[in-house]
Amino acid sequence: MYAVTINKYGDASNFQIEKDIDLPKPKPNQILIKVHASSVNPIDLMKREGYGRAIFEKQRKILFPWILGSDFSGSVIELGSKVTGFNIDDEVWGCTSNANSGTHSEFVCIDVDEVTHKPNNINHLEAASLPYVALTTWSALVRWSGLRPNDLKGKKVFIQGGAGGVGCFSIQLFNNLGCEIATTCSKKNIELVQSLGANQVIDYNEENFEDVLHNFDIAYDLLGDNVSHNSIDKCCKILTQSPDSHYITLTHPLVNTLDSKGLIMGVPHALYLRQVQKNKYRPINIHWSIYRPSLSGLEQLTQLVQEETIKPVIDSVYAIEDLQLAHQKIATGHVSGKVVIDHKV
Ligand SMILES: NC(=O)c1ccc[n+]([C@@H]2O[C@H](COP(=O)([O-])OP(=O)(O)OC[C@H]3O[C@@H](n4cnc5c(N)ncnc54)[C@H](OP(=O)(O)O)[C@@H]3O)[C@@H](O)[C@H]2O)c1
């Protein structure tokens with residue numbers, strides 16, 4: 001089979017298409033899938049450069065070649081001996097967290113708790129744009145913040161960075177849950193985020209969100225200090241000083257701390273850093289969120305797409321052999337929705 005691999009950490013020029021990779025054999029709890037489309041997330045660029053090596057290198061059976069990519073949409077080729085509920089040729093989608101089976105390849109083995117049937121009202125390219133960003137927000141709300149989505153009606157939610165992959169999904173989700181949404185983006189994306197349900201849009205080149213927003217319940221900070229110095233301070237400034245307020249960040253020092261200090265020293269140090277933040281901003285709840293797989297989240301996403309509550313937002317589509325260009329597009333930091341990879345070769 002073919003796959004796009006890296007053989008060392010570095011820039012996007014390190015990608016190579018290999019055409020003689022052995023077809024993987026599904027384990028009893030896995031499904032072998034032919035990938036029709038995948039997508040690129042900023043974490044792929046970071047992993048390519050060595051981010052998370054303390055975690056991912058432990059999980060990889062062979063260090064290199066490494067196939068990146070998490071999202072997939074495709075069809076079932078072979079079932080592991082213990083798999084039920086799927087048939088050959090079923091159209092499926094999902095997102096793998098298995099460091100040994102990236103989706104920028106012709107075939108991939110997926111654990112059965114990371115895959116479900118694809119909604120039939122979207123195509124494979126559209127489907128590959130959603131699972132990772134959707135489950136990121138699902139994890140952020142349900143797992144890390146302990147919030148029940150159905151209790152969010154009427155809450156004022158600020159999303160820093162609404163125009164990217166996570167933002168475009170999250171605006172639609174919060175809108176559907178009955179929240180009042182404010183978000184930031186550049187001028188070119190204002191209409192897009194409004195069309196998805198943002199009630200108030202702040203062009204970050206014209207205004208500082210912390211000067212115009214007040215009394216919010218939740219700040220969902222997708223970009224953090226990558227785009228705004230001392231982002232946590234600014235986000236907490238717009239929140240009501242209450243134990244019902246939540247600051248949720250996707251860009252926090254956890255993984256970098258593990259990389260720099262190792263797992264044994266890094267975990268307690270990261271917990272200490274988080275506790276310092278929790279103490280500083282109390283009574284506001286501080287959450288460091290990280291993507292976690294969730295089959296129930298994927299099933300809810302399927303339903304939301306099927307009923308057209310959530311629509312895919314695609315910035316651009318690249319052929320699998322142009323993965324390098326797709327990485328360069330994400331690296332601009334200014335996409336509108338998702339960058340998707342077409343596996344038609
Ligand atoms: N912790 C986790 O598990 C986890 C999971 C998923 C993602 N993430 C992180 O979450 C972040 C967002 O991910 P993504 O997939 O949505 O990224 P993305 O698709 O690459 O989106 C980037 C977006 O950032 C916007 N942006 C750039 N500068 C901005 C600024 N100063 N203020 C507001 N918006 C700005 C851009 O909009 P304009 O073009 O309008 O500037 C663009 O749409 C990334 O840092 C990613 O690494 C973390």
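What percentage of the 345 residues of the protein count as buried? I began my notes on this predicted model with that question. I found that 46% of the residues are buried, where a residue counts as buried if 20 or more other C-beta atoms lie within 10 Å of its own.

**Entry: overall fold**

I looked up the secondary structure and noted eleven helices and 16 strands. I then checked the radius of gyration, which is 20 Å; the globule rule gives 20 Å for 345 residues, so the protein is as compact as a globular protein of that length. Along the principal axes, I recorded that the C-alpha atoms fill a box of roughly 55 × 45 × 35 Å.

I turned next to the contacts between residues at least 6 apart in sequence, and found that 71% of these join residues at least 24 apart.

**Entry: shell around the ligand**

I listed 30 residues around the ligand, and noted that Ala163, Gly164, Ser186, Val227 and His334 come nearest. I then asked which elements give two or more residues to this shell, and found α1 (42-48), α4 (131-144), α5 (165-176) and β10 (180-185). Of the elements, α5 gives the most, with three residues.

I also sorted the shell by residue type: 15 residues are nonpolar, 15 are polar and none is charged.

**Entry: domains at the ligand**

Finally, I looked up which domains contribute to the shell around the ligand. Domain 1 (3-130 + 312-342) and domain 2 (132-288) each supply at least three residues. I noted that the chain segments of domain 1 are 3-130 and 312-342, whereas domain 2 is given as 132-288.

Key. Residues are numbered from 1 along each chain as its sequence is written. This is a predicted model: local features need pLDDT of at least 70, side-chain atom pairs count only at pLDDT 80 or more; totals for chains, interfaces and linings use all residues. A residue is near a molecule or strand if its C-beta atom, placed from the backbone, lies within 6 Å of it. Helices (H or I, at least four residues) and strands (E, at least two) are DSSP runs, numbered from the N terminus. Ala, Val, Leu, Ile, Met, Phe, Trp, Tyr, Cys and Pro count as nonpolar, Asp, Glu, Lys and Arg as charged, and the others, Gly among them, as polar. Domain bounds come from an automatic or database domain assignment. The radius of gyration is taken over C-alpha atoms; the globule rule is 2.2 Å times the number of residues to the power 0.38. A residue is buried if 20 or more other C-beta atoms lie within 10 Å of its own, exposed if 12 or fewer, and partly exposed in between; C-beta atoms are placed from the backbone. Two residues are in contact if their C-beta atoms, placed from the backbone, lie within 7 Å.
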